[in-house]
Amino acid sequence: MTLETEVQSLRQVPMFREVDPARLKLLAFTSERVHFADGQRFFDRGDAADAAYLILEGEAAVTLDGPQGPIRLALLGANALVGEMGILADQPRSATVTAVTPTTALRIDRRVFLELLSQFPQIAIAVMRELAHRLEMTNQQLAQMRTG
């Protein structure tokens, strides 16, 4: 895939729409397009948080190990960012992420990801909004478990 095609792919992602094309070209150049087969893991809980992944195509499940097996926390599709929590918290991965269909993602190195957030407040705000949304969903699930 050409650099220009990568830039066009990134422009489709809501959090990158306002970013200057030259910057997107730099992101595309410094990132790596990776492919995961159905059932292949992006990373395991406890792994070092060395990169974030932007899902371009396919779906991935976010899971935790429970007493009766894996508990699915979320199913993420195109334009979803995954792996950012460990980078932001400077902690190992808090969950396992596994492709549930053949999936293509952009692997964004930790250093590049942190640079993106510092240079582009709109991307940082989009990431914060997504994290706030996930926290709200978790709170709702916990409330339902306690009342149900």
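What you see is a predicted model, where local features need pLDDT of at least 70, side-chain atom pairs count only at pLDDT 80 or more, and totals for chains, interfaces and linings use all residues. Residues are numbered from 1 along each chain as its sequence is written, and side-chain values use heavy atoms, with hydrogens and water left out.

Now the pocket. On a 1 Å grid over the protein atoms alone, a pocket is an open set of points where a 1.4 Å probe fits, with protein on both sides within 12 Å along at least five of seven lines; lining residues have an atom within 4 Å of a point. The largest pocket holds about 770 Å³ of space, a volume being the space filled by probe spheres set on the points. It is lined by 26 residues, and those closest to its centre are Val 62, Leu 73, Ala 74, Arg 134 and Thr 138. Strand 4 (60-66), strand 5 (69-76), helix 3 (84-89) and helix 5 (121-147) each give two or more residues to this lining. Which of them gives the largest share? That is helix 5, with 10 residues.

By type, the lining has 16 nonpolar, 6 polar and 4 charged residues. Here Ala, Val, Leu, Ile, Met, Phe, Trp, Tyr, Cys and Pro count as nonpolar, Asp, Glu, Lys and Arg as charged, and the others, Gly among them, as polar.

I will call a residue buried under 20% relative accessible area, exposed over 50%, and partly exposed in between (1.4 Å probe, protein chains only). In helix 2 (residues 21-30), the buried residues are Leu 24, Leu 27 and Ala 28. Down the helix axis they fall within an arc of 100 degrees, so they line one face of helix 2; the arc is that of the directions from the helix axis to the C-beta atoms. Ala 22 and Phe 29 are exposed on the other side of helix 2. The buried residues of helix 2 pack against helix 1 (3-11), strand 8 (103-109) and helix 4 (110-119), contact meaning heavy atoms within 4.5 Å.

In helix 4, Val 112, Phe 113, Leu 116 and Leu 117 are buried. These lie within an arc of 140 degrees, so they too line one face of their helix. Arg 111 and Ser 118 are exposed on the face of helix 4 turned away from that side. Among the elements covering the buried residues of helix 4 are helix 2, strand 3 and helix 5.

Finally, two single residues. Glu 84 sits in helix 3. Is it buried or exposed? Glu 84 is buried, at a relative accessible area of 2%. Glu 84 touches Ala 52, Phe 113, Val 127, Leu 131 and Arg 134, leaving aside residues up to four places away in sequence.

Thr 63 belongs to strand 4 and is buried as well, at 14%.

Technical notes
Helix = DSSP H or I, 4+ residues; strand = E, 2+ residues; numbered from the N terminus.
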